[in-house]
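User: I'm new to this one. Can you walk me through a few parts of it?
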Amino acid sequence: MSTENNVRNGGRAVVATLAAHGVDTIFGIPGTHNLEFYRHLPEFGIRAVTPRHEQGAGYGADGYFLVSGKPGVVITTSGPGLTNVITAAATAYAESRPMLILSPGVPTGFERADVGMLHETKDSSGALNRLLVSSQRTRTAEGATQAVAEAFAMFDSARPGPVHIEVPLDVLEGAWNGSVPVPFAGHRPGLDDHVVARAAEAISAAKRPLVIAGGGARRAHAEVVRLIETLDAPLATTANGKGIVSETHPLSLGSNVRFPSVQAESAAADVLIVLGSELADSDLWGGAIGAQTSIGVRDESAQQTVIRCDIDPDQLNKNLPGDILACADTGEFLTALMSALESAPATAASARESGADRVTRIRQSWATDFDFDAIGARVTRLVEDGAGSNVVISGDSSQVTYDGTVHALTASTPDQLLYMPGFATLGYGIPAALGAKLADPARPVVCILGDGAAMFSIQELMTAAELGLGIPFVIVDNGGYAEIEGQMVDRDIEPFAVRLARPDFAKLGQSMGGAGVTIAEADIDSALPQAVAEALDRTVPTAIHITLGH
């Protein structure tokens, strides 16, 4: 067995730097060219999780981040190992989530050589640099350690996203004579006191304020609660902002910004405060937040003041131009704003509808906004019944998720929904659930997804069995790609290529070392909560196959 003294190489430099930044888990698959990363993981107490596909490594790392708060780290081998993770990395980019991807690259001097080396790729770093926050090919072990430290500083100080670092094989295997860089803080945008004062002035005069919060406000739970309670203002969130404030709070409208009633309320607000969100169409479903005549065009007759806060200046005017723009961390901005509001002269109170009454009135419209009796919503509530109110639910780009769990799950914390509304990738739910369970083994974690999405990553049930993870995977089987079939019908296309053969998911779960249960749609009310509760008591995964009438 090699020792530290005679294997002080580039691989050890990178792994030591990961450990210095608090990394305790990596996701990836060992390969011929990345073994000098893997060699050093045990020495630094870093757990290696081996999924059955690198895409699963990326989604697992994302689920791990959403529950643990620690950036997900993925190690791939060169060539196909790296290209396999690109979809997961692009998902992290679309959802503004931190992810560090480490891979070996061709030796120095062989860039674009096209000599037929194993796993040779024309320009891996160049390709990923066009898809992610950044990708760089390092030249020395010391440069690789610095790149890792800079990535972690960026995760904490700017709009987060995926970073790729490529270490040439000769650097990875060659000598390292440097030291581990000390973690350092990145530079966050400074608060503009004038902007804070203008925001406080506008809010002090507000008679009908409304707050919208997105993923950029996830770390500002206490500050957002303080804001809405001080203003007596309702709060609605995007899917990525779900649970920032408990959805049982009397001022919470939940993650329902796509509901027409919520959008109408946003248009009627005299002061609209948008925190950490680009107000994307993937959340709004063709609608709009704020008083607009069309997306990006304000309705000046509404006399609405829009206050926007985002750590990324490029987000501040997206999809809704603002009047008062704060380029800042949401928590820091709200802390300064509340201080300014407390020191501002009190304004005369005027009779107005209370925030809780507004929420009650808006909720009364939801019967026409959303079908809470549809299968996705029903399954979600039944899973909550079986798993408890603190359950973490991972979803997928499945109808049961975006037309079910997103709205039906009553979240109390911002880590209860694992989902990617923007990139809307299939295959996310199963590996994301693995990552979440590894981040907090004591927490109930359940995956709810459709049969089409399940087949993208069903092999990860084997990973869950190997790791002894008692996760219920609730697979709602509607016979293939039913939503796309419906879209075909709407366009007068005779449906084809969407009605798919499926396996017996319960037996498949059993064949992979787990358990399996089949439940007919007519029996879910009585059988599903118990099946979920029993699955959570196991030390192996359970495939719960819900068969719908096709």
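User: Let's start at the N-terminal end of α9. Which residue caps that end?
Analyst: Asp192 does. One of its side-chain oxygens lies 2.8 Å from the backbone nitrogen of His194. Keep in mind that this is a predicted model.

User: How many residues does α9 have, and how far does it reach?
Analyst: Helix α9 has 12 residues, 193-204. From first C-alpha to last, α9 reaches 16 Å, close to the 16 Å expected at 1.5 Å a residue.

User: Which residues of α9 are buried?
Analyst: Val195, Val196, Ala199, Ala200, Ala202 and Ile203. They span an arc of only 165° around the axis, so they sit on the same side of α9.

User: Why would residues a few places apart point the same way?
Analyst: An α-helix has 3.6 residues a turn, so residues three or four places apart point the same way.

User: And what does the face turned away from the buried side carry?
Analyst: Exposed residues: Asp193, His194 and Glu201.

User: New topic: the six-strand sheet. What's the strand order?
Analyst: β15-β14-β16-β17-β19-β18. The sheet is open, and the pairing is parallel.

User: Which strands stand at the edges?
Analyst: β15 (417-418) and β18 (515-520). Each has a single partner strand, so one side of each has no neighbour in the sheet.

User: How many bridges join β14 and β15?
Analyst: Two, in the parallel sense; β14 covers residues 392-394.

User: Which residue in β15 does Ser394 stand opposite?
Analyst: Leu418.

How values were computed: Residues are numbered from 1 along each chain as its sequence is written. This is a predicted model: local features need pLDDT of at least 70, side-chain atom pairs count only at pLDDT 80 or more; totals for chains, interfaces and linings use all residues. Side-chain values use heavy atoms; hydrogens and water are left out. Helices (H or I, at least four residues) and strands (E, at least two) are DSSP runs, numbered from the N terminus. The expected span of a helix is 1.5 Å times one less than its number of residues. Buried means under 20% relative accessible area, exposed over 50%, partly exposed in between (1.4 Å probe, protein chains only). The arc is that of the directions from the helix axis to the C-beta atoms. A polar contact is a pair of N or O atoms within 3.5 Å; within protein, one must be able to donate a hydrogen and the other to accept it, and residues adjacent in sequence count only if both atoms are side-chain atoms. Two strands pair if DSSP finds at least two bridges between them.
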